[in-house]
Amino acid sequence: MALSTGIELAIDGLARGLSFALLGAAITLVFGLGNVLNLALGSFAVIAVVVAVTVGGAVGSVAVGAVAGLVVVAVLGLVVDRTLLSSVYRSEGEERIVLGIFVTLGLAIALDGIMFVYVPLTYSLAHGVPGVELAGIGIRGSTLLTFAVAIPVLVGLFGFLDRTQLGTATRTVVHDETGALLCGVNPRRIRTIIFVVSLVLAGIAGLLRAASSDVTVSAGFELTVFAIIVAIVGGVRDLRGTVLAGFGLGLVITAANFIVGAYLANVLLFAVAVAVLIARPEEIS
Amino acid sequence: MITRGDVTRIGALALLLLPLPLLVTAGGGTYQLRIVSLFLVFATLTVALNVAFAHTDQLFLFLGALAGIGTYTTALIADAAGISAWATLPLGALAAGALGATVSYVAARRGMTVIVLAILTLSLQLAAVETFVGAREVTGGSTGFPFDGLSVAPLAAAVGIDERILFTYVLLGVLLTSLVGYAWLRNSRWGAAFDAVRQDPVAAEAAGIDVVRTKVFAGALAAGTVGVVGPLYAQAERYVLPSMFEFQAIDVLVLVMLVLGGSRTLLGPVVGAGAIVLLDEFLGEIGQWRTAALGVLLVVLFLYFRQGIVPKARALYDGYRSDGAASDVSPDG
């Protein structure tokens, strides 16, 4: 393998890792706050893509379309949080975890089912960012776009959690819900905000994916599974670990795709998840 | 020992289902016969999930993978060795059962919670289907291969009835066998151990119950059953396709059937499977909405109807009989 190929793979892997980090963070934030493992995450990412392509095509601007996609996903997230998740949050402990899985799984299947009827095509974003070539190393436009979008978003996410009052309140609820309650923090309100934020993150990851390849409705569940694996490997309540795991897995799967092909690369990803679950089962509880 | 109530229930169900294959084919309808076959296949799968999930809290989300492993083991070994798939069917069951036992063992030893086992088995499920599609040389990839290894044609010719009808009776026999086994199991020491382990593993351990052994037994039994049903399902469809064993094609349906019919009941899985298969038929005209309807059903069931049809019906019946007074806890339906 030529050195330039290796560098190109590494750059692709990092871009993929950034997408993984966004997805994993979306799972980790919601699970850490409220013990709900959002199995519908990927479906919302696909909704963002479909709305972005449709609106973008209608008004002739990809950027406007992308914003519209994220807004629609945020509004849907608010509705889901106030209705379905309110019912889930009423139960406690393991009961809530199990209920969360099934309700979001049902939601994912329902959303995918509706989309199969109305938007059964493939969707991609014509972002128009040109690729560049530096010293014999080619970088695709979609990769550049991923770096340009995902890095500020992740930096912004950490800035929000570390430096704003709302972010501090969020971390307080993750660490100690009762303590947060005593300090006058309303956990339910924080959960609503963070759920909406998590869907916007997933929406961004979906849009970035649509910038580099075609997205179909069936990609939704795949994105969800990637997100969960990243979150598990990173430590499902540990946002920094999740982001790092996203980078690591992005590099690993890109290299594996190149060396052993797509099927085995995916099997490898699942094997990593299984190994981590066996090694650290106490992490998710 | 099987309770007299359960003998009556299984007997009544057998009487109800025995004429079904003949009735639906009276007008020559092989399509209806396929629906009956699907119902019998999924009812048996639901009985298996009932043991693993409802009785011992092991949320197996890899029934599709287990069915696929049972099917590919049965079909591929029969093909390679040049022997009948009936002879390799036990190997398929063994392979699936061994995987189920291993997963249960690791999960119990590592103290995995419901959700960890759920994600673990879901990962195995997705990896399995990925492998079924990817191993093109042996599985035929996503286009699959025709399968007729479990044909009952010689016997059908000897008895003088249609082969497809006879095979439906094989499926019915498997369902009834699984129900008899389940009725025996829940009234045995194992059933008591299941209850103890589910309600309080620590107390169960203190009472001298081997929690790991109990869970491994339940997991192996459920997985082995799925490993038998998989190849029979393939025979009913006359084809082996990776997409038959997908998470959305098997696990989601079986989960809905179990919760709808009623967990930890004898007839709940049969009622749930029947209801969903029938619903699917009614949705036939608006078939494109099938997936969406299943998803909505899953949400509604888990939020508002986790009790299930059979326990609900029993509660109504008991309430009617005792006129609203507190009735004795009757054995499960």
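A residue counts as buried if 20 or more other C-beta atoms lie within 10 Å of its own. By that criterion, helix 3 of chain B is mostly covered in this predicted model. Of its 27 residues, 22 are buried.

Helix 3 of chain B runs over residues 30–56. Its first and last C-alpha atoms are 39 Å apart, close to the 39 Å expected at 1.5 Å a residue. The helix bends by about 35° at Asn50(B). Just after the helix, Asp57(B) adopts a positive phi of about 60°.

The largest nonpolar core has 210 residues. Leu23(A), Ala26(A), Phe42(B) and Val256(B) have the most contacts inside this core. Helix 3 of chain B gives the core its largest share, 16 residues.

Helix 5 of chain B covers residues 85–109. Its 25 residues should span 36 Å at 1.5 Å a residue. The end C-alpha atoms of helix 5 are 35 Å apart, which agrees with that expectation. After helix 5 of chain B comes Gly111(B), with a positive phi near 60°.

The contact between the chains takes 37 residues from chain A and 31 residues from chain B. On the side of chain A that touches chain B, the elements giving two or more residues are helix 3 (62–89), helix 4 (93–118), helix 9 (219–234) and helix 11 (262–279) of chain A. Helix 4 of chain A provides the largest share, 18 residues. By residue class, this side of chain A divides into 30 nonpolar, five polar and two charged.

For chain B, UniProt places it at residues 35–53, 60–78, 84–107, 114–135, 165–185, 252–277 and 289–305. In the model, residues 35–53 of chain B are 100% helix and 0% strand. The end C-alpha atoms of that span lie 26 Å apart. Residues 60–78 of chain B are 84% helix and 0% strand, with end C-alpha atoms 28 Å apart.

For chain A, UniProt lists residues 13–32, 39–59, 97–119, 139–161, 192–211, 217–236 and 248–279 under "transmembrane region", again in an unreviewed entry. Residues 192–211 of chain A are 100% helix and 0% strand. Their end C-alpha atoms lie 29 Å apart. Residues 248–279 of chain A are 97% helix and 0% strand, and the end C-alpha atoms of this span are 18 Å apart.

Ile193(A) belongs to helix 8 (residues 187–212) of chain A. Ile193(A) has 16 other C-beta atoms within 10 Å, so the residue is partly exposed. Along the chain, Ile193(A) and Thr170(A) are 23 residues apart. Their C-alpha atoms are separated by 9.5 Å.

Leu181(A) lies in helix 7 (residues 177–182) of chain A. With 13 other C-beta atoms within 10 Å, Leu181(A) is partly exposed. Leu181(A) and Asn35(A) are 146 residues apart in sequence. In space, the two are 17 Å apart, C-alpha to C-alpha.

Technical notes
Residues are numbered from 1 along each chain as its sequence is written. Chains are lettered from A and ligands numbered from 1 in the order in which they are written. This is a predicted model: local features need pLDDT of at least 70, side-chain atom pairs count only at pLDDT 80 or more; totals for chains, interfaces and linings use all residues. Helices (H or I, at least four residues) and strands (E, at least two) are DSSP runs, numbered from the N terminus. The expected span of a helix is 1.5 Å times one less than its number of residues. The bend at a residue is the angle between axes fitted to the seven residues ending there and the seven starting there. A residue is buried if 20 or more other C-beta atoms lie within 10 Å of its own, exposed if 12 or fewer, and partly exposed in between; C-beta atoms are placed from the backbone. Two residues are in contact if their C-beta atoms, placed from the backbone, lie within 7 Å. Ala, Val, Leu, Ile, Met, Phe, Trp, Tyr, Cys and Pro count as nonpolar, Asp, Glu, Lys and Arg as charged, and the others, Gly among them, as polar. UniProt positions are given in the numbering used here, feature names are shortened, and annotations may be inferred rather than shown by experiment. A nonpolar core is a set of buried Ala, Val, Leu, Ile, Met, Phe, Trp, Tyr and Cys residues joined through C-beta atoms within 7 Å.
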